[in-house]
Amino acid sequence: MTISAAQTTQISREVKLLLHCARVTVDPDRGEQIQRLVQHEIDWPQVVVLSYGHMVMPLLCRHLSTICPDAVPPATLEYLRKSAEGTAREVLHGAAELSKLLGLLNTEQIPAAVLKGPAAGQIAY
């Protein structure tokens with residue numbers, strides 16, 4: 001879906017920032033757009049809430065930390081970092097549990113295929 005220039009004027013800076021950061025890689029042009037956005041007043045609590053709701057907080061953290069760490073309030077960046085670390089721990093824990101389960105199933109010669117969770121994340125990212 002393509003968003004027209006007229007439609008983007010109706011989108012808040014906070015949502016624009018989230019849209020630019022909600023991707024695995026940010027190309028140089030998008031990085032410049034992010035830098036321009038954060039030069040304006042940003043409602044950081046709203047950005048955090050939106051990123052949590054859309055499950056892109058780790059991506060937001062990664063890109064803001066890399067592209068414009070000095071433009072983000074230190075407390076906000078620290079909160080994003082801690083949240084991203086918590087997400088990473090949860091994913092690693094889930095992957096370990098899944099590995100154990102697959103091992104048990106294999107021992108009992110029960111075929112299994114992983115269709116969601118860590119396996120899907122590995123493929124997508």
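This is a predicted model: local features need pLDDT of at least 70, side-chain atom pairs count only at pLDDT 80 or more; totals for chains, interfaces and linings use all residues.
Visitor: At roughly what angle do the axes of helix 2 and helix 4 cross?

Guide: The axes of helix 2 (residues 13-21) and helix 4 (residues 44-53) cross at roughly 45° and come within 9 Å. Axes here are lines fitted to C-alpha atoms, for helices over the stretch in contact, with angles from 0 to 180 degrees between N-to-C directions. Helix 2 is therefore oblique to helix 4; angles under 35 degrees count as roughly parallel, over 145 as roughly antiparallel, 65 to 115 as roughly perpendicular, and the rest as oblique.

Residues are numbered from 1 along each chain as its sequence is written, and side-chain values use heavy atoms, leaving out hydrogens and water.

Visitor: Which residues of helix 2 and helix 4 make the contact?

Guide: Helix 2 brings Glu 14, Val 15, Leu 17 and Leu 18, and helix 4 brings Trp 44, Gln 46, Val 47, Leu 50 and Ser 51. Contact means heavy atoms within 4.5 Å. By class, the contact of helix 2 with helix 4 has 6 nonpolar, 2 polar and 1 charged residues. Ala, Val, Leu, Ile, Met, Phe, Trp, Tyr, Cys and Pro count as nonpolar, Asp, Glu, Lys and Arg as charged, and the others, Gly among them, as polar.

Visitor: Is Leu 17 buried or exposed?

Guide: Leu 17, in helix 2, has 0% relative accessibility, so Leu 17 counts as buried. Buried means under 20% relative accessible area, exposed over 50%, and partly exposed in between (1.4 Å probe, protein chains only). Setting aside residues up to four places away in sequence, Leu 17 touches Ile 34, Leu 37, Val 38, Ile 42, Trp 44, Val 47 and Leu 64.

Visitor: What about His 20: which residues is His 20 in contact with?

Guide: His 20 also has its place in helix 2, and with a relative accessible area of 14%, His 20 is buried. Beyond its neighbours within four places in sequence, His 20 is in contact with Val 26, Arg 30, Gln 33, Ile 34 and Leu 37.

Visitor: How do I read helix 4 against helix 6, and at roughly what angle do their axes cross?

Guide: Their axes cross at roughly 10° and come within 10 Å, so helix 4 is roughly parallel to helix 6. Trp 44, Val 48 and Ser 51 of helix 4 meet Thr 76, Tyr 79 and Leu 80 of helix 6. This contact has 4 nonpolar, 2 polar and no charged residues. Take Thr 76, in helix 6 (residues 74-107): at 15% relative accessibility, Thr 76 is buried, and Thr 76 touches Trp 44 and Val 48, leaving out residues up to four places away.

Visitor: How many helices does the chain have?

Guide: The chain has 7 helices and 0 strands. Helices (H or I, at least four residues) and strands (E, at least two) are DSSP runs, numbered from the N terminus. Buried residues make up 24% of the 125 residues. Of contacts between residues at least 6 apart in sequence, 59% join residues at least 24 apart.
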